[in-house]
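Subject: Structure handover

Hello,

Here is the structure I promised to pass on to you.

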Amino acid sequence: MKALQLDQVQSWKMIDIPPPRNPGAGEAIVRVHRVGVCGTDIACYLGKFPFFAFPRIPGHELGVEVVAVGAGVEHLQVGDRCCVEPYLNCGECYACQRGYTNCCEFNQTFGVMCDGGLTEQVVLPARKLHPANNLSYEQAALVETLAIGCHAVDRGNPKQGETVLILGAGPIGLSALEFAKLTGARVLMADLSESRLEFVNAKMGGCHTVRFYGDDRDLTTISDLTNHRWVDVVIDATGNNHSMSRALEFTACAGRVVFVGITQQNLSFPHAPVLHRRELSILASRNAPSRDFGRIIGLIENGTINTDPWITHHAMIDEVPERFEHWLAPATGVIKAMIHLT
């Protein structure tokens, strides 16, 4: 089978790999139809993601079709359209035993820590496949992105009447927006990019967009918008250490800060005047639990979440090496690029 591999930093290579073996007990073979491109894939391509090593076949946002199932698999049928929960947890560590499978001590995220879905067929644990027969393959490939935002919002636990500030209007920030809107909280979305905020206003709605500049003007803006009370929940989806360090400054007393973006840099912030004085809670948000996938499938099915604005660019797998670098340029307006294998 053909597969698309990142063989080194900023280098794609089309390779041939053997077809998948027969599925074992509790496994399934799936045909990959769509692969979404996210910020993690971009960071991997640039050699900046902490859990990625070359060479590797990426691809973890998948819309797939079941082609074979192994013994003991009862929730799947051949032909089922599915989304993939790519967090391959061990099921035995202390985190897994307590139900925190999203932060398994030995997690291997498919397409990041091990070879992924940019190929024709793959074998996966059947428990990681969520039937989504009423969704298109592209919608199925969006579920994992939405799950990241869903979990981040759940970590912050905003209430009706509170104010949520989302930092970063990229795909993860937009996925957090979808779920923050459902809480009844007032939602502010901030970004340095005017074009991204214009996209939010034109296509997403449900929030007040705020142009940030990376200096003290941002503090003045948020103070004015909240009648000098600051915000109850900040969700930082930037993955930028400077933004993440400043996130606490926008947070009200007894507020919560959720870091869903990932940085390899150290974070620093004032302890006495900000973290301690305001008694803030700092929360990490990693991956997503299994239950979120079924919830999101249902929200797309009933129209609560409209996926139409999300996918802005398309390419066949053979076109990716030529187009990928182009997708990195902010001027292209990429929100979510979708790779077609069929």
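Below are notes on helix packing and on salt bridges.

First, the ground rules. This is a predicted model, in which local features need pLDDT of at least 70 and side-chain atom pairs count only at pLDDT 80 or more, while totals for chains, interfaces and linings use all residues. Residues are numbered from 1 along each chain as its sequence is written, and side-chain values use heavy atoms, with hydrogens and water left out.

Let me start with the helices. Two packed helices are described by the angle between their axes and the distance between the axes. Helix α3 covers residues 137-156 and helix α4 residues 171-182; helices (H or I, at least four residues) and strands (E, at least two) are DSSP runs, numbered from the N terminus. The axes of α3 and α4 come within 7 Å and cross at roughly 60°. Axes here are lines fitted to C-alpha atoms, for helices over the stretch in contact, and angles run from 0 to 180 degrees between N-to-C directions. The two helices are therefore oblique to each other (angles under 35 degrees count as roughly parallel, over 145 as roughly antiparallel, 65 to 115 as roughly perpendicular and the rest as oblique). The crossing of α3 with α4 is right-handed, meaning that the near helix is turned clockwise from the far one by less than a right angle.

On the α3 side, T145, L146, I148, G149, C150 and V153 meet P171, I172, S175, A176, E178, F179 and A180 of α4, where contact means heavy atoms within 4.5 Å. By class, this contact has 9 nonpolar, 3 polar and 1 charged residues (Ala, Val, Leu, Ile, Met, Phe, Trp, Tyr, Cys and Pro count as nonpolar, Asp, Glu, Lys and Arg as charged, and the others, Gly among them, as polar).

Helix α3 also packs on helix α9 (residues 290-301), with axes that come within 9 Å and cross at roughly 115°. This crossing is right-handed too. Q139, V143, E144, L146, A147, C150, H151 and D154 of α3 meet D292, F293, R295, I296, I297 and I300 of α9. The classes here are 8 nonpolar, 2 polar and 4 charged residues.

A147 is buried at 0% relative accessible area (buried means under 20%, with a 1.4 Å probe and protein chains only). Leaving aside neighbours within four places in sequence, A147 is in contact with N287, A288, D292, F293 and I296.

Now the salt bridges. How many does a search of the whole structure find? There are 12, each a side-chain nitrogen of Lys or Arg within 4 Å of a carboxyl oxygen of Asp or Glu. Among them are these:

- K336 and E61 meet at 2.9 Å, N to O. K336 is in strand β17 (residues 336-340) and E61 in strand β4 (residues 61-69), 275 residues apart. K336 is buried at 0% relative accessibility, and E61 is buried at 1%.
- K128 and E85 have their closest N and O atoms 3.0 Å apart. K128 lies in the loop between β8 and β9 and E85 in the loop between β5 and β6, so the pair ties together parts that are 43 residues apart in sequence. Both K128 and E85 are buried.
- R256 and E162 meet at 3.0 Å, N to O. R256 lies in strand β14 and E162 in the loop between α3 and β10, so this pair ties together parts 94 residues apart in sequence. Both R256 and E162 are buried.

Best wishes

Definitions and conventions:
Buried means under 20% relative accessible area, exposed over 50%, partly exposed in between (1.4 Å probe, protein chains only).
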